Structure formats: structure tokens, C-alpha cells
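The model is shown first.

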Amino acid sequence: MSTTEPVPTGPAEKKLRPGRTNATKQRLFEASMELIGERGAAGVTVDEIAAAAGVSKGTVYYNFGSKSDLIAQLLRHGVDIMLVRLQDVRGQASDPLESMNNMVGQAMEFMDDYPSFARLWVSENWRTPGEWSAVFAELRGELLAVIGSAVESVASGYKVNESIARGSLEAAIFGAIFVVGLDRQTYNPERTREQSVAAVMTIMHGYVIK
């Protein structure tokens, strides 16, 4: 099915779009992630997403405009959830390494709650050209900014290896969270979240000079 089906764009319809509720968006997010996890984004129709979320197909188009726009907004919604979780635990520990550990743990918990989101991110994020490349670039930047701020706190509190490029370090942490989390879900479900967090944190411990 095409991801860019046209819909009416009259003034009344445009006025209503910003009024969509977070509850509806959350239902659409959860329904979409479950379906996408089974068949991928291309294999899921708006009809199926609407039915799974308990809303009409017209409601989906009325609020989002197209399937492509819906997926883009759901990616935004998922990252917003993750960002809130990361920020909630950011200041809970005085030790910046412990704070980073807590943030990685929250990211792992998010992927436990929404495993299909992580699969969608990994499968589509590096697709070139990709339908949602611009969206992924923006959202990736926001997540890396949070990671970068946490890394900066570690660098301010510890002696670190300054020869390591900060951007590469942040990307390594970012990528490891997704890869280690998905590997545990897909191939090694017996591993605990704590073991996965510890594996990702070896990157930071290698950055800190003992």
C-alpha cells in the first residue's frame, strides 16, 4: 500500500490536527509497534493500525495525513518517551558514572517495553535513501545530545582519555544500547538487563583513566 495516500486538506481538517490527544497517539504508537514488529513498516496498512488501536481509518488520516506522516510522528512519540525516561534519572545520582549507568538502564527498559521500536530504528535508520531519513537524523541528534551531556558530566568529574573523539564515543554508546538490547531480546533472553547495562558501560569505563 502506498505510504503517501492523499487526504483532504481543507481548513477545518488542518485546524483539528494539532488537537489530537496523547492518549490516541499512545494507542496508535503501541498498536503500530506491535504490527511493525511482526511485518515491518512497509508490510503494515493504515487499516490494520487503526483497527489495532481502536480508532477509525479516517481518524488516522484526519490527524496525521498519511501513513508516512503517521510513522514519522510515532517515531517522534517513541523518542519523546525515551527522552523523558532518560531525563528523569539523569540527576538522581551525584556520581556522573552512576548517572550514566542509570540512563543506560532506562534505555534498556524502554526497549524491553517497546522492542519493535528498537527494531524499526535499527532497520530503517541506516537505510539510504530512506523514507524517514530526515526524521531519524533529527531524533538521533536529540538522543545524542542527551548522551553527550552525560558524557560531559563524566569528563568534568573524572580524568578521561582526551584522545578519544567525543562524537565517536557518544555514537558508540548510542549504537551499543540498541545492539546489545536487541541481541538480548532476540538471541539471549536469559541475560539480565543489568548484564546488558554493564556491557554498554564498559565503553565509559574505558574512557575514564583509573
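How close do the axes of α6 and helix α9 (residues 166-186) come, and at what angle do they cross? The axes come within 10 Å and cross at roughly 45°.

## Basis

This is a predicted model, in which local features need pLDDT of at least 70, side-chain atom pairs count only at pLDDT 80 or more, and totals for chains, interfaces and linings use all residues. Residues are numbered from 1 along each chain as its sequence is written, and side-chain values use heavy atoms, with hydrogens and water left out. Helices (H or I, at least four residues) and strands (E, at least two) are DSSP runs, numbered from the N terminus.

## α6 and α9

The crossing at roughly 45° makes α6 oblique to α9. Oblique covers angles left over once those under 35 degrees (roughly parallel), over 145 (roughly antiparallel) and 65 to 115 (roughly perpendicular) are set aside. Axes are lines fitted to C-alpha atoms, for helices over the stretch in contact, and angles run from 0 to 180 degrees between N-to-C directions. The crossing of α6 with α9 is right-handed, that is, the near helix is turned clockwise from the far one by less than a right angle.

On the α6 side, Met100, Val104, Ala107, Met108, Met111 and Asp112 meet Ile173, Ile177, Phe178, Val180, Gly181, Arg184 and Gln185 of α9; contact means heavy atoms within 4.5 Å. By class, nine residues are nonpolar, two polar and two charged. Ala, Val, Leu, Ile, Met, Phe, Trp, Tyr, Cys and Pro count as nonpolar, Asp, Glu, Lys and Arg as charged, and the others, Gly among them, as polar.

## α6 and α10

Helix α6 (residues 96-113) and helix α10 (residues 193-207) have axes that come within 9 Å and cross at roughly 135°. That makes α6 oblique to α10, and this crossing is right-handed. Contact residues include Leu97, Met100 and Val104 of α6 and Val197, Val200 and Met204 of α10. The contact has eight nonpolar, four polar and three charged residues.

Ala199 lies in α10 and, at 38% relative accessibility, counts as partly exposed (buried is under 20% relative accessible area, exposed over 50%, partly exposed in between; 1.4 Å probe, protein chains only). Its C-alpha atom is separated by 8.7 Å from that of Ala176, 23 residues apart along the chain.

## α4 and the annotated span

In helix α4 (residues 57-64), the buried residues include Val60, Tyr61, Asn63 and Phe64. Gly65 follows α4, with a positive phi near 95°.

An unreviewed UniProt entry lists residues 22-82 as "domain: HTH tetR-type". The span is 82% helix and 0% strand, with its end C-alpha atoms 15 Å apart.

How values were computed:
UniProt positions renumbered as here; feature names shortened; annotations may be inferred.
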